[in-house]
Each structure stands twice: as C-alpha cells, then as structure tokens.
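Thanks for coming. Please look at the sequence and the structure first.

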Amino acid sequence: MAVGDTSGRAWQRMLSGRRLDLLDPSPLDVEITDIAHGLARVARWNGQTSGDHAFSVAQHSLIVEDIFRRCNPKATADELLMALLHDAPEYVIGDMISPFKAVVGGGYEKVEKRLEAAIHLRFALPPHAAPTLKDLIKKADRVSAYFEATGLAGFSETEARKFFGQPRGITRESLAIEPLPAYQAQALFLRRFEDIEAARLPGAKVAR
C-alpha cells in the first residue's frame, strides 16, 4: 500500500495491546517494551551473519550507543537516548538493507521519519536529531557496521573500508559484537534505556 493510501489496514497490533498506525503514528501508541521486543527480533544484514543467533537491531543499537558515548564523552542523556533509539522505527518496519532502500525510494523514508518523530516525542525528545548530532550518531553507526561486516557478515576489510570507512580509536575486541539470543538483547536494551532515563531526571548524572 502506498503512503497516503488508506484503503487497507495501516496499523500493527503490538504485544502491549497498542495499535500503531504506520501512516499517522501517535506517540501515545509507542511503548519501549514493544520497541525492545521488536528490535531484538529484527535481524541485521537480512540474517546473513555467522553465529548461532541472528545479530539483532537491538544489539546493534547498544553497540552504536556505546561507540557514540565513548567518542562523545560530554554527550547529554538526551543525546545518548537518541543514539540508542537511532534505529527504533525498525521495530515496526524491519531493517531494510541499504541497497533495497535505494530501490524503494522516498516512500520508505517518509514512513521511517514519521515513526522516528512519534518515538522521539513519546520520550520527550525533539522529533528528529539536529544535523550535527545526527552526523555524530551516523559516524558511530558506520563504525559498528564496519565491525559487523568484517566480523559477522563475510566482508573483507577492503570492502568494509570502501562502504563504511576505517574506524579509528575503536577495536572489535572492545565491542560486544557476538550475536546474542533475542531475550538477552531485549533485556540489555531495556536496561540501558532505563539507565539513560534515570540520568535524564533533574540533578542526575549522565549514565556512562
């Protein structure tokens, strides 16, 4: 169904009981438990990774937030939360690999942006990250992608450098990149979210 076509069902029922409208998502229908559950069961790289478990978007999100935090030690709790939630729309629309996004075009991006805004507003964040912050999060995302590509997805270092650049100051050994069972990735994602949320309270220190 095309964006703007309301002739069919455009909502998804979540395990929380919420019905999330994909074309007009409401922050009131966003729950962190649904996000964590969904992301822990969405596979990165279309599932084409080594290991006994799929490498989930939840685990990827944790790694990106970890890299972002280390590279930006003065980041605020709000910025850390936006890093953790940078792929949160994928709990509804899945992780579409970059080559397919290019084929699909703008429709996918419109839905993704609407979902991102609803998710951010649900947690009292700006609808979208400011361009400078978005670039910093994307940089952390590309570092994670490099190590995922070479460590799990069968890319050579030369191929990975071409698509994601050469990471500096971060090593694979410092990242929790071994694929985890879904329930573990889900629990870790929720725990990190709760730690950051606690740090957002007045007078609290940023979670490191």
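Which residues does alanine 149 touch, not counting residues up to four places away in sequence? They are Trp45, Gly154, Phe155, Ala160 and Phe164, where contact means heavy atoms within 4.5 Å.

Before going on, a word on what you are looking at. This is a predicted model, in which local features need pLDDT of at least 70 and side-chain atom pairs count only at pLDDT 80 or more, while totals for chains, interfaces and linings use all residues. Residues are numbered from 1 along each chain as its sequence is written, and side-chain values use heavy atoms, with hydrogens and water left out.

Back to alanine 149. This residue sits in helix H7; helices are DSSP runs of H or I with at least four residues, strands are runs of E with at least two, and both are numbered from the N terminus. With 0% relative accessibility, alanine 149 counts as buried. On that scale, buried is under 20% relative accessible area, exposed is over 50%, and partly exposed is in between, with a 1.4 Å probe and protein chains only. Alanine 149 is 12 residues from isoleucine 137 in sequence, and their C-alpha atoms are 18 Å apart in space.

The criterion here is a side-chain nitrogen of Lys or Arg within 4 Å of a carboxyl oxygen of Asp or Glu. Glutamate 148 lies in H7 and arginine 44 in the loop between H1 and H2, so the pair ties together parts that are 104 residues apart in sequence. Both ends are covered: glutamate 148 is buried at 0% relative accessibility, and arginine 44 is buried at 10%.

In total the structure holds 12 salt bridges. Another one joins arginine 69 and glutamate 65, at 3.1 Å from N to O. These two are 4 residues apart in helix H2, so about one helical turn separates them. Arginine 69 is buried at 16% relative accessibility, and glutamate 65 is buried at 1%. Glutamate 197 and arginine 200 form a salt bridge too, with the closest N and O atoms 2.6 Å apart. Here glutamate 197 is partly exposed at 26%, and arginine 200 is partly exposed at 22%. Salt bridges that share partners also link Glu65, Asp66, Arg69, Arg70 and Arg192 into one network.

What about a charged residue without such a partner? Aspartate 29, in the loop between strand S2 (19-21) and H1, is buried yet has no salt bridge. Arginine 18 is the nearest side chain of opposite charge, 4.0 Å away; Lys and Arg count as positive and Asp and Glu as negative, with His and the chain ends not counted. Outside the four places on either side in sequence, aspartate 29 touches Arg18, Arg19, Leu20 and Tyr91.

A nonpolar core is a set of buried Ala, Val, Leu, Ile, Met, Phe, Trp, Tyr and Cys residues joined through side-chain atoms within 4.5 Å. The largest one has 56 residues, of which Ile35, Leu85, Tyr91, Phe123 and Phe189 touch the most other members. Helices supplying at least two residues each include H1 (32-39), H6 (106-122) and H9 (182-199). H7 gives the most, with 8 residues.

Last, the H2 and H3 pair. How do they pack, and at what angle? The angle is about 145°, with the axes 8 Å apart; axes are lines fitted to C-alpha atoms, for helices over the stretch in contact, and angles run from 0 to 180 degrees between N-to-C directions. On the H2 side, Ser61, Leu62, Val64, Glu65, Phe68 and Arg69 meet Glu79, Leu80, Ala83 and Leu84 of H3. H3 is mostly covered, as 6 of its 8 residues are buried, among them Ala77, Leu81 and Met82.

Between these helices, in the loop from H2 (57-71) to H3 (77-84), lies asparagine 72. Asparagine 72 is buried at 16% relative accessible area. Leaving aside neighbours within four places in sequence, asparagine 72 is in contact with Leu136 and Arg208.
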